[in-house]
Amino acid sequence: MTTTLTRTDPTPPPATPTGAARRERLALAGLLVATAALYLVNLSANGWGNDFYAAAVQSMTKSWEAFFFGSFDAGNVVTVDKPPAALWVMALSARVFGLSSWSILVPQALMAVATVALLYAAVRRVAGPGAAILAGAAMAVTPVAVLMFRFDNPDALLVLLMVAAAYAVVRAVEHAGTRWLLLAGALLGLAFLTKTAQALLVLPALAGAYLWAAPTGLWRRVRQLLAAGLAMVVVGGWWFVTVALWPAADRPYIGGSTNNSAIELALGYNGLNRIFGQGFGGGRGGGEGMPRGEAAYGTAVPGGAASGGTAVPGGAVGAPAGFPGGAAAGGFPGGPAGGPFGGSAGLGRLFANDVGGQIAWLLPAALVLLVIGIVLTRRASRTDRLRASLIVWGGWTVVTALVFSLMEGIFHQYYTVALAPGIAALVGIGGALLWQRRATAGARWALAALVLGTAAWAWMLLGRTPDFVPWLRWVVVAVGVVGAALLLLPGRGRVVTAATLAAATCSALLGPAAYAVDTVAVAHKGSIPLAGPATAGGSGGGRADRGDRPARDRTGSATGQTGARTGPAGPGGPGESQPTDQALVRLLQAAGTKWSAATVGAMQAAPLALDSATDVMAIGGFAGGDPAPTLEQFRSYVAAGQVHYFIAGGGFGGRRDGSTISAWVEQTFTASTVGGRTVYDLTQPKQ
């Protein structure tokens, strides 16, 4: 397909001929259908995905209070450590269609289709349908996007809302449209309500593009941006204000916060502390597979090493099985000192080992095309829409890449899904801009160099997984060489032009597409998933059958292991593990109390709750480090007959509340073993 750029002045693009319009509609339909197929096929293999969020969705289907606050349990002891917008979508789906893996994950996959469609629409308005198809395809096959839009973390909704906001800004720039700009602000507010501060990484690019390029006076642009900012604050802040005004005694504890404040959680652990890495995020709870607080790993609980941890001096539980390092080895990896959580901070982080294969396939080309695009449009009018879009997507990519590269706090590889739309849009717009000028020798040589360079970079990335389709890296280089050679031919007909486009596009997308297909083919579970095959010397975090862990079948059950869900965790966080023993499941289902059981930490409580379809109290929130419930509160629940069982083990958050409750239970009630677990019947005190 030959890409022809539309005019870049504020006037509408000319009408498309009927035949071309039909071909364009067919191409878009093919792109969206292929995206839906890629993201929906084998979706059930991921099971619940992240048990932590799936258990919260289950509680939200049972209690509207839990739905509003995003509580982990229907009894509303503690919330998850994120605002609840993403959970609302999944919980509404589960309420309508019933709780299942499909009702939770299908909305995520459909968000991928919507994201590709919006990205296509935004790019088409300034660079034509060919560029838009390329951008949409690049987005669809980005490995980390395939991973996260098939998972139940908040990132899928976050990316969709940010792309929708960028599309609204592209529309607003055309005619200085206030309504479009207000919509962009509202969408960013919803994105903040999804994953707090990460949504604001695109704000400088969106605001800067409008302030520079909107076809109206400066002060009107400023007033419009202030109004959009107000819309963002209102839409993104109402929930936080409501929670702040709600009496603390009548709502769940805000998981992950230091002082039971959703605002502090947003600004602290999920905000500035992500960048500066103060005290593992500054909170006392846990989240996203990262414990934080007073100790490197956990509270002292009965069971110690037998509960999945390694005993360390002082009685604390060490790293659960599969965690590299541990307290005895110098603390938790991925904290301020760096480690396997996406590597150490630095400009090379996004290109390194586990991270590069997730997102970096087209990142060098995107940055080069951004520079070329800015140079080629340097003499355009201030209101040039093509350059404005380069500012939108270029600013998005550069700011996000720099923050992810240099942040000293918690960083997980899957965060990089937020880079995918910017990279894809730059490749589409910048590639079309050069292709339009292919009659000149300079443009042809630049395109040829980009094709060769991108193929060479793919060859290097594929070399990190030497056992994964080993011949593919040579095919990518060969196709890239053919594409570059065809670009340099002095005279070309339609057939050669089509072959050139096909070779250049294939050499760029074959590598990430192969990783994308591999991501679809293999189950991903746990809290730190990774896309694609395990890298040499790296990990397969969150994969059910890859990486430096025992062999697993495609259902995620570990071979050669016994016991409950205490199997290995991928580097950087708890992974999926074995199903709960059926004897324990039946015990919980017959409990007949508000909470069938309690245990320390959501990572042990979540699978118990999901496997038994009962409410299980997670003492201390995600990692067992939140002060909820206190010992006094827990004793009152037991006295009221609201908790039937206590299951020993779990937790790695660092505060003493969980260990204090565990010690009280151990001293007061008699232990028995059910399904390989130590279980205390809280209705039967010791005699």
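## Model and confidence

The chain has a mean pLDDT of 84, with 80% of its residues at 70 or more; pLDDT is the predictor's confidence in each residue, from 0 to 100. This is a predicted model, in which local features need pLDDT of at least 70 and side-chain atom pairs count only at pLDDT 80 or more, while totals for chains, interfaces and linings use all residues. Residues are numbered from 1 along each chain as its sequence is written, and side-chain values use heavy atoms, without hydrogens or water.

Helices (H or I, at least four residues) and strands (E, at least two) are DSSP runs, numbered from the N terminus. Residues 279-287 have pLDDT below 50, and the model gives this stretch 42 contacts beyond near neighbours in sequence. Contact means heavy atoms within 4.5 Å. Over residues 289-340 pLDDT also stays under 50, with 151 contacts beyond four places in sequence. Where pLDDT is low, the predicted coordinates should not be read in detail.

## Helix α1

Helix α1 spans residues 18-40, 23 residues in total. From first C-alpha to last it reaches 33 Å, close to the 33 Å expected at 1.5 Å a residue. That expected span is 1.5 Å times one less than the number of residues.

The buried residues of α1 are Ala21, Glu24, Leu31, Thr35, Ala36, Leu38 and Tyr39. Buried means under 20% relative accessible area, exposed over 50%, and partly exposed in between (1.4 Å probe, protein chains only). The buried residues of α1 pack against α5, α6 (143-148) and α18. Just after α1, Asn42 has a positive phi of about 60 degrees.

## Leu118 in helix α5

Leu118 belongs to helix α5 (residues 101-140). Its relative accessible area is 23%, so Leu118 is partly exposed. Beyond neighbours within four places in sequence, Leu118 contacts Leu160, Val163, Ala164 and Tyr167. Ala168 is 50 residues from Leu118 in sequence; their C-alpha atoms are 9.7 Å apart.

## Helix α17

Helix α17 (residues 472-487) has 16 residues. It reaches 22 Å from first C-alpha to last, close to the 22 Å expected. Buried in α17 are Leu472, Arg473, Val476, Gly480, Gly483, Ala484, Leu486 and Leu487. Viewed down the α17 axis, these residues fall within an arc of 160 degrees, so they line one face of the helix. The arc is that of the directions from the helix axis to the C-beta atoms. The buried residues of α17 pack against α15 (420-436), α16 (441-463) and α18 (494-521).
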